[in-house]
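Here are some notes for a colleague meeting this structure for the first time. Please read them beside the sequence and the model.

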Amino acid sequence: MAQAKVLFASITGNNEDIADIVAEALENNGIATEVDDISMVEVSEILDYDICVICPYTYDEGSLPDEGLDFYEELADTDLNGLVFGVAGSGDTFYGDDYCKAVIDFDQQLAQANGTRGATPVMINLAPDEDADIQKLDAFAAELAAKVQ
């Protein structure tokens with residue numbers, strides 16, 4: 001059975017909710033899934049999985065989450081060949097061009113580390129509390145699962 005690691009960075013709980021929705025959808029697609037706070041995991045640990053999903057928040061004017069900075073920087077020195085990845089996170093449309101910038105930054109960093117993008121990044125405005133958000137996250141997880149099955 002394929003395995004996934006879903007990592008989140010969250011202050012308000014919005015991205016932990018995103019991570020939980022993605023994890024449940026992955027499980028529903030036959031993927032054994034673990035969820036952890038990004039600050040509790042070393043980059044080398046994700047190499048033991050078939051899929052890695054990052055759920056970061058973007059704050060201020062496009063800043064990465066502080067608790068995910070070390071992980072983000074370590075990615076540059078890691079070869080993720082064979083790892084399917086996806087990024088889904090929250091931001092605030094109030095910030096215009098900087099909306100969900102951390103989602104894009106993590107997506108690009110994972111791709112540059114030789115990972116395989118398994119799904120288009122998902123950006124959620126504030127919290128995943130609308131049916132459309134949950135449907136996007138479910139489809140995102142299904143696309144990731146299909147890449148490893």
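1. Read along the sequence, the protein runs β-α-β-β-α-β-α-β-β-α, which comes to 4 helices and 6 strands, where helices (H or I, at least four residues) and strands (E, at least two) are DSSP runs numbered from the N terminus. The radius of gyration, taken over C-alpha atoms, is 14 Å, close to the 15 Å that the globule rule gives for 149 residues, so the protein is as compact as a globular protein of that length; the rule is 2.2 Å times the number of residues to the power 0.38.

2. This is a predicted model, in which local features need pLDDT of at least 70 and side-chain atom pairs count only at pLDDT 80 or more, while totals for chains, interfaces and linings use all residues. Residues are numbered from 1 along each chain as its sequence is written, and side-chain values use heavy atoms, with hydrogens and water left out.

3. Of the 149 residues, 50% count as buried, meaning under 20% relative accessible area with a 1.4 Å probe, protein chains only. Among contacts (heavy atoms within 4.5 Å) with a separation of 6 or more, 79% join residues 24 or more positions apart.

4. Taken along the principal axes, the C-alpha atoms fill a box of roughly 40 × 35 × 25 Å.

5. The lining of the largest pocket includes S10, Y57, D92 and L126, and α1 (14-28) and β4 (84-91) each supply at least two of its residues.

Methods. On a 1 Å grid over the protein atoms alone, a cavity is a set of points where a 1.4 Å probe fits but cannot get out, and a pocket is an open set with protein on both sides within 12 Å along at least five of seven lines; lining residues have an atom within 4 Å of a point.
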